[in-house]
Amino acid sequence: MSREDLKTSKTKTQSMINETIPTVSLSPFFIDDDEADSKERVTETIRRACEAYGFFQIVDHGVPLHLTRRALQLSRAFFARSYEDKLMSKPVQGSRSPLPAGYARQPVQSADKNEYLLMFSPESGFNVYPSNPPQFREVMEELFHTLSKTSSVVEGILNKSMGLPCDALHEFNKDRGCDFMTALHYFPATVSENNGISQHEDGNFFTFVFQDDVGGLEVLKDNEWIPIVPDEGAIVSTSATSSRF
C-alpha cells in the first residue's frame, strides 16, 4: 500500500470516528399544546437517521434521569454480588416465558463475554427478581412501565416516518407480551479478549439502549464502526430498517 493509500485510509477512519448518530428531542410529543410542525420535524429527522444509520439518540423522552441512574446503580450492585448469589435469580425450570427470565451468564466457549438479567412486563408473572440489592424490583418495574410509554411514542413516529397507515405498527404488535428489558454486565477486557458482545442485528423492530459512563457501544455505517459516546440521560434507539452494532 502506498503512502497516499495509507493517508487516505487514515483520514477516512478519523472522519468516521468523529461522526456520530443524530440526537433528537422528543419534547414536542410530551407537550400537549406544542405545534404540529415541530412533531413533523422530529419525524423527518428520525426518518433520515433511520435511512442513513439505522440508529438515533433520543432526549426529552419522558424517562426521568433519576430513574435511569438508580436502575444503573442497582444493576451494578447486583452484578457485583457473588456468582452463587446471582444464581438465586436464575430462570425457573418449566416456565412458559418467551425467553428464560432471570439471571444467566454466557457460556465459557461463547465469543460474547457478559452476564445479564432478563425481565418481561411486571404483569407477566415470569420475572425472577433478586432480593438484594433492596428496591431492585420496584425500580426495574417502574423503569419498564416508563420505557413502555416512551416506546409507544417512538412506535408512532416510526409508523409515520415509514408512510404506513395510522396505527399500523401498533395493530401489528398489539400483543406486547414478548417485550423485554435486560440489564447487562460486560466483563473487563483482557489482553486476549476485548469483546463484550459480538456484532449483531436485533430481531425486534426497535431497541432502546442506555449506557453507563464506560461506554463501548458502536454502530456500523459504510463498513466503518462509529463509537457512541455515552451521554447521560440519552437513549440510543435502534431501528430494524438497517442496524448492526
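Colleague: In which sense do strand 2 (residues 55-59) and strand 9 (residues 235-239) pair?
Modeller: This is a predicted model, in which local features need pLDDT of at least 70 and side-chain atom pairs count only at pLDDT 80 or more, while totals for chains, interfaces and linings use all residues. Residues are numbered from 1 along each chain as its sequence is written, and side-chain values use heavy atoms, with hydrogens and water left out. Strands are DSSP runs of E with at least two residues, helices are runs of H or I with at least four, and both are numbered from the N terminus; two strands pair if DSSP finds at least two bridges between them. Strand 2 and strand 9 have four bridges, and the sense of their pairing is antiparallel.

Colleague: Which strands stand at the edges of the open sheet of four strands?
Modeller: The order in this sheet is 1-2-9-6, with mixed pairing.

Colleague: At about what angle does helix 5 (residues 136-161) run to strand 6?
Modeller: Helix 5 lies across strand 2, strand 6 and strand 9. Axes are lines fitted to C-alpha atoms, for helices over the stretch in contact (heavy atoms within 4.5 Å), and angles run from 0 to 180 degrees between N-to-C directions. For helix 5 and strand 6, the angle is about 135°.

Colleague: Is Cys50 buried or exposed?
Modeller: Buried means under 20% relative accessible area, exposed over 50%, and partly exposed in between, with a 1.4 Å probe and protein chains only. Cys166, at 71% relative accessibility, therefore counts as exposed. Cys50 has 5% relative accessibility, so Cys50 counts as buried.

Colleague: How many disulfides does the structure hold?
Modeller: A disulfide is a pair of cysteine sulfur atoms within 2.5 Å. By that cut-off, the number in this structure is zero.

Colleague: What separates the C-alpha atoms of Ala111 and Ile197?
Modeller: Ala111 is in the loop between strand 3 (102-105) and strand 4 (114-120). Ala111 counts as partly exposed because its relative accessibility is 45%. Along the chain, Ala111 and Ile197 are 86 residues apart, but the separation of their C-alpha atoms is 7.2 Å.

Colleague: What share of the residues of the chain count as buried?
Modeller: The chain has six helices and nine strands. Of its 245 residues, the buried share is 36%.
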